[in-house]
Amino acid sequence: MKVQKFRAKTSMEALAKVKEALGEEAVILSTRRVREGGKWLYEMTAAVDFDSPEPEAPPRGKEGLSLVLKEIEGLKNLLYGLQSSLRPQSPLGESLREQGVPSEVLKLWGENGDLNKETFLKKVSEAVARKVAFQSFSRVLVFIGQAGVGKTTSLVKLAARLSCAGNQVGILSLDTVRVGAREQISRFAELLDLPLKFARPEDFAEVLPACKWDFVLVDTPALSVSFPVHHLFKFLKVTDEVSFHLVIRATESALVIKTLWQKLKALPVASLVITHLGSWVSSGPLFWIFMPGLPPVSFLSTGERVPEDFERATPKRLLGFLLRNLDVEENYAA
Ligand SMILES: Nc1nc2c(ncn2[C@@H]2O[C@H](COP(=O)(O)OP(=O)(O)OP(=O)(O)O)[C@@H](O)[C@H]2O)c(=O)[nH]1
Ligand SMILES: [Mg+2]
């Protein structure tokens, strides 16, 4: 069996492509709307069984004509079925899900009921205002997260901001795991003229009292097999002056975040630092921030420049990112 995907502006065009490439025997397996180059397209997945015998040439004359008419009738039924399957139950909810907004967030907002543009925008604005509730800093801020999400650069960007505001800021790096980690953070500390100490995660409690700066920004190794979540619980003793900040890419999938959060939720994570904002096709996936139980958003990282591409999260800015590239028009039916 050969399975192939076809994209086109309309479902009819997509179907025509299917028939042209795979012939009349092609079976439509699924259809969905996808975004490509800023436009909505229909994507049809079709299959054809190569082992099926070649259809015999239809008989000529009256018998042949009735067979052709029967085929046309069958094709019409297929198209009607296709059209109704493409008509979403809640057009806006369906479209938002296709743009990457996690289903469980939409469900919170009544996606299957009367979700319309007005209620959606209202719910997002209200939810954003609640999401940017992070206010105060503890003295020791520990940045945690998965590999390559931007922990070190975000930490350095924040260190630069706090230092510019007149605070005495130092960095404590516990990343003794990754090759090149020491060089990376040393270079940043030197550039920004910030004091820097290194320690193994297991020595954190012992080393911390010697870090007498106004703010201690703690870099950690990526959460992985060599630095599993339980090491955070084991080595980074929680006191009133220590807070954890989870760094996550804006484009991370809801499933990955849910799995990660299951492991982390017992830790007092004070805030989320969202990185790679804007490096996306659709802002839909960013709606993961509204998944139940997640802490508020503290900072937004918008690019690679240190320290420029970093800002305190505000409801207005976050709302701007959430709605950027998001199609919230309601008339999506084909
Ligand atoms: N475009 C973009 N790039 C970013 C952003 N934040 C970090 N980066 C880049 O992502 C890469 C990884 O950043 P790091 O700060 O080293 O990430 P990390 O989480 O410390 O990585 P590990 O320590 O290896 O787990 C670097 O090339 C950064 O310049 C961001 O907000 N936008
Ligand atoms: Mg790092």
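**Group meeting: cores, sheet and ligand shell**

Good morning. Alanine 159 touches Val169, Ile171, Leu192, Leu194 and Leu217, leaving aside residues up to four places away in sequence; contact here requires C-beta atoms, placed from the backbone, within 7 Å. This is a predicted model, in which local features need pLDDT of at least 70 and side-chain atom pairs count only at pLDDT 80 or more, while totals for chains, interfaces and linings use all residues. Residues are numbered from 1 along each chain as its sequence is written, and chains are lettered from A and ligands numbered from 1 in the order in which they are written.

To which core does this residue belong? Ala159 is among the residues with the most contacts inside the largest nonpolar core, which has 66 residues; the others are Val142, Leu217 and Val218. A second, separate core of 8 residues includes Phe6, Val18, Ala26 and Met44. A nonpolar core is a set of buried Ala, Val, Leu, Ile, Met, Phe, Trp, Tyr and Cys residues joined through C-beta atoms within 7 Å. Buried means that 20 or more other C-beta atoms lie within 10 Å of the residue's own, exposed means 12 or fewer, and partly exposed lies in between.

Let us turn to the sheet. Three strands form an open antiparallel sheet in the order S1-S3-S2. Its edge strands, S1 (2–8) and S2 (27–36), each pair on one side only. From one strand to the next, the twist averages 20°. Strands (E, at least two residues) and helices (H or I, at least four) are DSSP runs, numbered from the N terminus, and two strands pair if DSSP finds at least two bridges between them.

S1 pairs with S3 (residues 39–48) over 7 bridges. Along this pairing, glutamine 4 stands opposite alanine 46, and arginine 7 has glutamate 43 as its bridge partner. S2 and S3 are joined by 9 bridges, with arginine 33 opposite tyrosine 42. In their hairpin, which has 2 residues between the strands, glycine 37 takes a positive phi near 55°.

Helix H1 (residues 11–22) lies across S1, S2 and S3, running at about 145° to S1. Such angles run from 0 to 180 degrees between N-to-C directions, with axes fitted to C-alpha atoms, for helices over the stretch in contact.

Finally, the ligand. Which residues are closest to ligand 1? They are Gly150, Thr152, Thr153, Ala222 and Ser301, out of 19 that surround ligand 1, each with its C-beta atom, placed from the backbone, within 6 Å. Helix H6 (residues 151–164) gives the most to this shell, with 3 residues. Thank you.

Definitions and conventions: Contact = placed C-beta atoms within 7 Å.
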